[in-house]
Amino acid sequence: MTGSDASPSFTLAYVPGVTPTKWVRIWNERLPGVPLTLTAVPADEAGGQLRARGADAGFLRLPVDRTELSAIPLYTEATVVVIPKDHLVTAAEEITTADLADELVLHPLDDVLEWEALPGRPAAERPATTADAVELVAAGVGVLLVPQSLARLHHRRDLTYRTVTDAPVSRVALAWPEDATTELVEQFIGIVRGRTVNSSRGPKPATPEPGAAGGRKRGPGGGGAGGAGGGKAQGRRGSGAGTGKGTAKGGPKGSAKGGSRGAAKRGKPRKRP
C-alpha cells in the first residue's frame, strides 16, 4: 500500500481463476522500485477487501458495488460443466442446460454464476466450496457448472469439462476504491489496458526546438532560407531556375544582344595609320 511515511508499494488482490502473472511481469519491468504484492481472496470477499483498503486494486468478478468501487470490465468467461471423463456428455463438444435435465447439479455456496433457475436436479445439500463440489463430481455424486478458469484451476485427471452454451457467464473486471485512484493505480490501469511506455499517459519524448533539425529555419515558402536565396541568385544569372522575368533578361535576350555586338566587333577590320 502507498503512504506518505512509507516507501511506495502496491497490493493487488485477485479471485480464484484469475491469473495476473502477465500484468505483474510488466509492472516489475516498468516500476522496478515499487514492489507489487499479490493477495488471493475468495470471490465473495474481494469487494470488501478493496473497500477496507486491504488492496490498492483487484481482479474480481462482476457485479460490484459501483457506489464505492470503480471497475473496468476486462473479459467474459464461458461456462462449462465439470464431469467424469466417461460421462455421456463428453460425446459432444458443446451442450445446453437441457442436456443436464436428468443430472444432479451441485450448487456450492461460493458459486460465482447468477442463476435464475439452476438446471437439472438440485442436490439435497450445497457444498461449502467449489473445491468440495469438484471432489463430489470425482466421486460420481453429480456435475458442476463453473466458469472455465475455475474448471482449469481445479483440474483432475479423472475429470473433464464441456462448454454449456446457454448458461450464465462470468465477467472479470479490474476494480479499485473510487476515492483512491492514485498515480500507482493509474499506472496499473495503463498496463492492463495495454498502454505502452510512450503512450499518452507515459513519459513523452522531448520536443525538438524549432529549426533544430539541420540547423536552419524554414522560409515562408516552405524551403530553407539558403534555398530561397539560391533561387533568387539563379534568377539573376538567368539559369532558368529563377522567375520568368529573370530568365528573359539574363537568357535569350541578353545572349542575343551580347553575342551580336561581340561578333560585329570581331568582324570589323582595323584601319592602318
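**Figure 1. Lining of the largest cavity in the predicted model.** The residues that line the largest cavity of this predicted model divide into five nonpolar, three polar and one charged. They are Val82, Val134, Ala151, His154, His155, Arg156, Leu159, Thr160 and Tyr161, and strand E10 gives the most to this lining, with three residues. The space in the largest cavity comes to about 70 Å³, and a search of the whole structure finds one cavity of 30 Å³ or more.

**Figure 2. The largest pocket and the elements that line it.** The largest pocket has a volume of about 430 Å³. Its lining is made up of 22 residues, of which Arg61, Leu62, Pro63, Val112 and Glu114 are the closest to the centre of the pocket. By residue class, the lining of the largest pocket divides into eleven nonpolar, three polar and eight charged. Helix H2 (46-51), strand E3 and strand E11 each supply at least two residues of this lining, and H2 gives the most, with four residues.

**Figure 3. The open sheet that contains strand E5.** Six strands form an open sheet with mixed pairing, and their order is E6-E10-E5-E9-E7-E8. The edge strands of this sheet are E6 and E8 (121-122), each of which pairs on one side only. Strand E5 and strand E9 (residues 143-147) pair in the antiparallel sense over four bridges, and in this pairing Val81 stands opposite Leu145 in E9. E5 also pairs with E10, again in the antiparallel sense, here over five bridges, and the bridge partner of Val80 in E10 is Thr163. Because six of the six residues of E5 are buried, this strand is largely enclosed by the rest of the structure.

Figure 4. His87 is placed in the loop between strand E5 (79-84) and strand E6 (94-95). With a relative accessibility of 16%, which is under the 20% limit for a buried residue, His87 counts as buried.

**Figure 5. Val169 in the loop between strands E10 and E11.** Val169 lies in the loop between strand E10 (159-164) and strand E11 (170-177). At 47% relative accessibility Val169 counts as partly exposed, since this class takes in values between 20% and 50%. Apart from its neighbours within four places in sequence, Val169 is in contact with Thr76, Glu77, Thr79 and Leu113. One of these, Thr76, is 93 residues from Val169 in sequence, yet the two residues are 6.9 Å apart in space, C-alpha to C-alpha.

**Figure 6. Helix H5 and the elements that cover it.** Seven of the ten residues of helix H5 (residues 183-192) are buried, and the helix is therefore largely enclosed by the rest of the structure. The buried residues in H5 are Leu184, Val185, Phe188, Ile189, Gly190, Ile191 and Val192. An α-helix has 3.6 residues a turn, so residues three or four places apart point the same way. What covers the buried residues of H5 includes strand E1 (10-14), helix H1 (21-30), strand E2 (36-40), strand E3 (57-61), strand E4 (69-77) and E11. After H5 comes Gly194, whose phi is positive, near 85°.

**Figure 7. Confidence along the chain and the stretch 202-268.** The mean pLDDT of the protein is 81, and 70% of its residues reach 70 or more. Over residues 202-268, by contrast, the pLDDT is below 50, and this stretch has 27 contacts in the model beyond near neighbours in sequence.

Methods. Residues numbered from 1 in each chain as written. Predicted model: local features only at pLDDT ≥ 70, side-chain atom pairs only at ≥ 80, totals over all residues. Heavy atoms only, no water. Buried < 20%, exposed > 50% of the residue type's maximum accessible area, 1.4 Å probe, protein only. Contact = heavy atoms within 4.5 Å. Pairing = 2+ DSSP bridges. pLDDT = per-residue confidence, 0-100. 1 Å grid on protein atoms, 1.4 Å probe; cavity = no way out; pocket = protein on both sides within 12 Å on 5 of 7 lines; lining within 4 Å. Points joined across faces, edges and corners; volume = space filled by probe spheres on them. Nonpolar A, V, L, I, M, F, W, Y, C, P; charged D, E, K, R; others polar.
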